[in-house]
Amino acid sequence: MPPKFDVSTDKGLAAFNGFMGAKSYIEGWQFSDADSDFFAKFSSCPDSAKYPHAYRWYIHIAAIQGVRGLTTSAPAVPAPVAPAPAAEKKEDEDDFDVFGDDDEEDDEPKESRAEMLARLKKEAEERTAKKEAKQRTLVAIEVKPWDTEQDLMELWKKITTEIKQDGLKWGEGCTLADVAFGIKKICTTFTMGVNNSSDDVVEAIEALEDEVQSVEVTSMNVL
């Protein structure tokens, strides 16, 4: 999970700068979604003089993602001493481009900074949505009947066959546990997705009021 620094403020940038003091990436030892997601939070390149570690990380991630046209404030470097004039080369050697003709690439429209930030934000939101869509929660419940005469296995079958929701899956079986005075309770489980609610399931079971005295959620664990 990316660190929670508000990089829109000087305080947040200073904290992030300290966080990156001995790190090259947000998490681990290589580029990951955490770097991409946190990069999208920046509206501009950090000041290299005030936040050198944040600046170093920002430029590095920008290069990995192929971001062009960044306006940076890198420290000034002394101008190199001009070398002595070399012997004049042939005109055809001067015109030779070792990297080939880049005219076609230069003619291609370049992504603006606003477009780049919007794209990175959208990609981060899509990754989060995919993770949430796959998330499942295991819920354990206890169902108490009214008396000792009830067929609890029949009641469990009724609950698991009649109460259906998209994303809801009942456990393969149940156990019966003693309550008091010969009354037992049904202990069972179900799994649900992010769009399901355990409260809705409990209310649906309690709606069987002639057969169910109460329903209690005993545990919930994200799988």
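These are my notebook entries on a predicted protein model.

**Entry 1: the overall layout**

I started with the whole chain. The protein has 223 residues, and 29% of them count as buried. I found 8 helices and 5 strands. Reading from the N terminus, I wrote down the order α-α-α-α-α-α-β-α-β-β-β-α-β.

I then looked up the surface. The accessible surface comes to about 15300 Å², and carbon and sulfur atoms account for 52% of it. I also checked how far apart in sequence the touching residues are. Among contacts with a separation of 6 or more, 68% join residues 24 or more positions apart.

**Entry 2: helix α6**

Next I picked helix α6, which covers residues 113-134.

Which residues of α6 are buried? I noted Met116, Leu117, Leu120 and Ala124. Looking down the axis of α6, I saw its buried residues fall within an arc of 100°, so they line one face of the helix. A handy reminder for me: an α-helix has 3.6 residues a turn, so residues three or four places apart point the same way.

What do the buried residues of α6 pack against? They pack against α2. On the face turned away from the buried side, I found the exposed residues Ala114, Lys122, Lys130 and Ala133.

**Entry 3: aromatic rings**

I turned to the rings and counted 13 aromatic pairs. One of them joins Phe5 and Phe19; the pair is tilted, with 5.5 Å from centre to centre and 55° between the planes. Phe5 sits in the segment before α1 (10-19) and Phe19 in helix α1, so I noted that the pair links distant parts of the chain, 14 residues apart. Phe5 counts as partly exposed because its relative accessibility is 22%. Phe19 is also partly exposed, at 30%.

Phe16 lies in helix α1 and Phe38 in helix α2 (residues 33-39), and the two are 22 residues apart. Are these residues buried or exposed? Phe16 is buried, with a relative accessible area of 0%. Phe38 is buried with 0% too.

Which residues make up the aromatic cluster? I listed Phe5, Phe16, Phe19, Phe38, Phe39, Phe42, Trp57 and Tyr58.

**Entry 4: strand β1 and its partners**

I moved on to strand β1 (residues 136-144). Strand β1 pairs with strand β4 (residues 183-193) in the antiparallel sense, over 8 bridges. In this pairing I found Val139 opposite Phe190 in β4. Strand β1 also pairs with strand β5 (residues 214-222), again antiparallel and over 8 bridges. Here Ile141 stands opposite Val217 in β5.

**Entry 5: Ser198**

My last stop was Ser198, which belongs to helix α8 (residues 198-206). Ser198 has a relative accessible area of 9%, so I put it down as buried. Which residues does Ser198 contact, leaving aside neighbours within four places in sequence? I found Val139, Phe190, Met192 and Met220. Two of these names were already in my notes: Val139 and Phe190 stand opposite each other in the pairing of β1 with β4.

Methods
Residues numbered from 1 in each chain as written. Predicted model: local features only at pLDDT ≥ 70, side-chain atom pairs only at ≥ 80, totals over all residues. Heavy atoms only, no water. Pairing = 2+ DSSP bridges. Helix = DSSP H or I, 4+ residues; strand = E, 2+ residues; numbered from the N terminus. Phe/Tyr/Trp six-rings, centres within 6.5 Å; stacked < 30°, edge-to-face > 60°. Buried < 20%, exposed > 50% of the residue type's maximum accessible area, 1.4 Å probe, protein only. Contact = heavy atoms within 4.5 Å. Areas by Shrake-Rupley, 256 points an atom, 1.4 Å probe, with all protein chains shown as cover. Expected span 1.5 Å × (residues − 1). Arc of directions from axis to C-beta.
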